[in-house]
Amino acid sequence: MDAAFAHEDEGTAFSSPSSVKDVMSRAKTTFPGVITARQLGRSLDVILSNAGIGKESTLLATSFCCDEVNRDLEDELRATYGQNFNLGGIGGFPFGGVTAFGALGHHVPENGTCLIVYGPHVGIDFDGVIGKVNRRGRCGSGACCNTALASMAYVKAVRAGEQIHLPDLSDPIDAQQTFVDSALLDHGERLETADNPHVELPHAMFDCQEALFKRLIAKGARNYPENISVVMLGGIIVNTPEGTPEYFLPKKFELCNNRFEVLSDLLGPLIDEGNKDIRTIIKERQYKEKMEKAKEGQIEITIKP
């Protein structure tokens with residue numbers, strides 16, 4: 001873990017109009033398809049409502065890292081869907097395990113839906129550095145995600161023969177980090193050969209989490225109620241300094257039945273909706289309001305052929 005803190009409080013500490021603009025541009029070019037946290041909640045409601053899924057009958061579950069920088073996205077999702085069930089541990093891995101995952105299905109409203117949002121996170125600081133973020137009250141920027149960076153350093157050391165891989169999950173003091181170290185070891189060559197390992201790292205972490213979710217689904221979802229559906233939204237959280245938007249890169253968005261069999265792939269529509277121009281959204285909202293008033297007989301609308 002020491003490697004994750006090797007360059008703490010370095011770099012630019014304060015924002016400027018140009019640095020805010022640069023961070024936003026860096027997020028969009030480095031992670032094409034990202035959606036702002038605020039737009040994500042709205043876009044989910046639009047897409048799922050069109051699929052017949054109402055937010056009133058939806059239980060939100062999240063599996064995000066315990067790092068405080070991830071609460072902004074969680075807050076935006078809660079603003080739309082209410083209180084969330086928490087599956088996550090460090091790095092965003094669903095360390096609630098089979099017990100929590102099994103219980104989750106029985107907390108969903110009858111005939112409702114469970115929306116599971118999960119994924120690792122990565123920071124971008126005011127200097128545009130990937131893998132760091134400016135935190136409130138700190139000078140400069142620091143590592144983000146600490147867990148991912150520590151595991152990448154561990155993998156590098158093992159592959160270089162500087163450290164022997166002897167994981168001990170029996171000790172609860174750091175069992176979660178030990179698990180992540182072992183999981184990421186399978187992606188060592190991929191990280192070594194990447195053009196920018198810090199950009200590739202969250203993608204590798206996501207794949208590790210996907211593998212763990214498959215194991216949880218196989219064992220923990222056997223008794224999910226027949227009358228519920230499940231929506232799986234997986235991606236990468238992109239953390240930014242205060243004063244800039246938080247982002248989420250969707251990598252998977254699927255509507256499933258209670259056995260997690262995929263019914264619809266909604267990833268494309270979500271990315272399109274999430275990246276709509278704000279002016280288009282306002283026009284669509286105004287048109288919808290006019291049509292609702294017209295149905296109520298409050299206004300007359302002339303539709304030209």
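Q: In which sense do strand 9 and strand 10 pair?
A: This is a predicted model, in which local features need pLDDT of at least 70, side-chain atom pairs count only at pLDDT 80 or more, and totals for chains, interfaces and linings use all residues. Residues are numbered from 1 along each chain as its sequence is written, and side-chain values use heavy atoms, with hydrogens and water left out. Strands (E, at least two residues) and helices (H or I, at least four) are DSSP runs numbered from the N terminus, and two strands pair if DSSP finds at least two bridges between them. Strand 9 (residues 247-256) and strand 10 (residues 262-265) have three bridges, and the sense of their pairing is antiparallel.

Q: Which residue in the hairpin of strand 9 and strand 10 takes a positive phi?
A: Cys256 stands opposite Val262 in strand 10. Five residues lie between the strands of this hairpin, and a positive phi near 65° is taken by Phe260.

Q: At what angle do helix 6 and helix 8 pack?
A: Axes are lines fitted to C-alpha atoms, for helices over the stretch in contact, and angles run from 0 to 180 degrees between N-to-C directions. For helix 6 (residues 175-185) and helix 8 (residues 197-220), the axes are 10 Å apart and the angle is about 105°. Helix 6 is therefore roughly perpendicular to helix 8, a term for angles of 65 to 115 degrees. The value asked for is about 105°.

Q: How many charged residues does the contact of helix 6 with helix 8 have?
A: In this contact (heavy atoms within 4.5 Å), Phe179, Val180, Ala183 and Leu184 of helix 6 meet Leu201, Ala204, Met205, Cys208, Leu212 and Arg215 of helix 8. Ala, Val, Leu, Ile, Met, Phe, Trp, Tyr, Cys and Pro count as nonpolar, Asp, Glu, Lys and Arg as charged, and the others, Gly among them, as polar. By class there are nine nonpolar residues, no polar ones, and for charged residues the number is one.

Q: Is Val199 buried or exposed?
A: Val199 is found in helix 8 and, leaving aside neighbours within four places in sequence, is in contact with Thr30, Phe31 and Ile130. Buried means under 20% relative accessible area, exposed over 50%, and partly exposed in between (1.4 Å probe, protein chains only). Val199 has a relative accessible area of 18%, so this residue is buried.

Q: What is the separation of the C-alpha atoms of Ile35 and Ile271?
A: Ile35 is found in strand 1 (residues 35-36), and at 0% relative accessibility Ile35 counts as buried. Beyond neighbours within four places in sequence, the contacts of Ile35 include Phe248, Pro250 and Ile271. Ile35 and Ile271 are 236 residues apart along the chain, and their C-alpha atoms are separated by 7.2 Å.

How values were computed: Parallel < 35°, antiparallel > 145°, perpendicular 65-115°, else oblique.
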